[in-house]
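Please open the model in your viewer and keep the sequence beside it. The stops below each begin with a selection and then say what is found there.

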Amino acid sequence: DPAQRIVSLNLCTDQILIDLVPADRIRALSHVAADAASSSIADRAAAFTRIRRDAEEVHALDPDLIVTTEFSTPTTVSLLERLGRRVVKVPFSHDLDGVRTAVTRIAEAVGAIDTGKSLIANLDRRLATLASAPHVGPAPTAVIYQVNSLVSGAGTLEDEALRIAGFRNLAPELSLVPGGRVALEAIVAHPPDLLVLSGPSGEYRTVVADNLTHPALAAVMPEVL
């Protein structure tokens with residue numbers, strides 16, 4: 001029988017699960033599901049119980065299915081499996097094919113295969129609409145820029161999303177430093193046409209977010225999303 005007490009431990013699986021099954025089959029989502037700075041389902045997730053992925057907290061909910069991503073909270077997942085809980089781990093998505101795989105895997109686990117197929121078909125229709133749009137001239141450049149100067153390089157889901165949206169990801173052409181970062185000076189010296197931030201620049205109260213609020217960046221980047 002399809003699982004009726006499902007717990008999701010990861011924001012990625014939260015965002016898929018909530019579109020696959022009725023609310024009464026979801027026992028809990030991850031604690032960041034209702035965080036508007038990180039989650040695309042923040043408003044919807046506010047109505048659900050949210051947990052911080054402690055094994056004891058999850059076990060107390062008596063779930064009949066736990067969904068998460070590979071390598072997410074491995075200690076918690078290992079303990080829950082030893083306690084006899086059913087855990088489905090979804091591969092991390094590096095491209096849109098990975099997104100389709102994740103949706104299919106969770107849909108199969110929760111017994112919502114047709115709904116999963118419908119979600120994927122809707123995604124593909126939207127992608128086809130973008131692909132059919134006319135493009136004139138060279139593609140504008142963009143960089144997805146995050147706290148601690150992290151960027152999304154080549155071969156990532158974000159890189160593919162920029163390409164499909166009609167942009168050229170400038171990050172691989174800049175001087176990367178260890179850890180997938182680009183120095184602020186490189187952004188200022190070679191500003192992209194569009195800078196994409198994961199949230200409002202003043203939202204992060206930490207010194208490693210100073211790169212997002214530096215006046216030199218503001219001076220060269222009037223277009224920020």
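Select helix 5 (residues 96-110) together with helix 6 (residues 113-132) in this predicted model, and look along the pair until both axes can be followed: they come within 7 Å and cross at roughly 160 degrees. Because angles over 145 degrees count as roughly antiparallel, that crossing makes helix 5 roughly antiparallel to helix 6. Helix 5 passes helix 6 in a right-handed crossing. To see the contact itself, show the side chains of Leu-96, Val-99, Arg-100, Val-103, Thr-104, Ala-107 and Glu-108 on helix 5, and on helix 6 those of Ile-113, Gly-116, Leu-119, Ile-120, Leu-123, Asp-124 and Leu-127.

Next, select Thr-13, which is found in helix 1 (residues 11-17). Is Thr-13 buried or exposed? With a relative accessibility of 1%, Thr-13 counts as buried. Its side chain makes a polar contact with the side chain of Ser-8, at 2.7 Å. If neighbours within four places in sequence are left aside, the residues in contact with Thr-13 are Ser-8, Val-67, Thr-68, Thr-69, Val-90 and Ile-106.

Which residues of helix 4 are buried? They are Thr-76, Val-77 and Leu-80, and because they cover an arc of only 95 degrees around the axis, they lie on the same side of helix 4. Just after helix 4, stop at Gly-84, which takes a positive phi of about 90 degrees.

Not counting residues up to four places away in sequence, Thr-73 touches Leu-9 and Arg-53. For a distance across the model, draw a line from the C-alpha atom of Thr-73 to that of Val-207: the two residues are 134 residues apart along the chain, and these atoms are separated by 26 Å.

Phe-71 is found in the loop between strand 4 and helix 4 as well, and its phi is near 70 degrees, a positive value in a residue other than glycine. Phe-71 counts as exposed, at 75% relative accessibility. For another positive phi in a residue other than glycine, go to Ser-149, where the value is near 65 degrees. Ser-149 has its place in the loop between strand 6 (141-145) and helix 7 (157-164), and at 11% relative accessibility Ser-149 counts as buried.

Finally, zoom out and show the whole chain. The secondary structure comes to 10 helices and 10 strands, and the C-alpha atoms fill a box of roughly 55 × 45 × 30 Å, taken along the principal axes. Of the 225 residues of the protein, 40% count as buried. Among the contacts with a separation of 6 or more, 54% are accounted for by residues 24 or more positions apart.

Definitions and conventions:
Residues numbered from 1 in each chain as written. Predicted model: local features only at pLDDT ≥ 70, side-chain atom pairs only at ≥ 80, totals over all residues. Heavy atoms only, no water. Contact = heavy atoms within 4.5 Å. Buried < 20%, exposed > 50% of the residue type's maximum accessible area, 1.4 Å probe, protein only. Helix = DSSP H or I, 4+ residues; strand = E, 2+ residues; numbered from the N terminus. Arc of directions from axis to C-beta. Polar contact = N/O pair within 3.5 Å; in protein donor to acceptor, adjacent residues only side chain to side chain. Axes fitted to C-alpha atoms, helices over the stretch in contact; angles between N-to-C directions. Parallel < 35°, antiparallel > 145°, perpendicular 65-115°, else oblique. Left-handed = near helix turned anticlockwise from the far one by under 90°.
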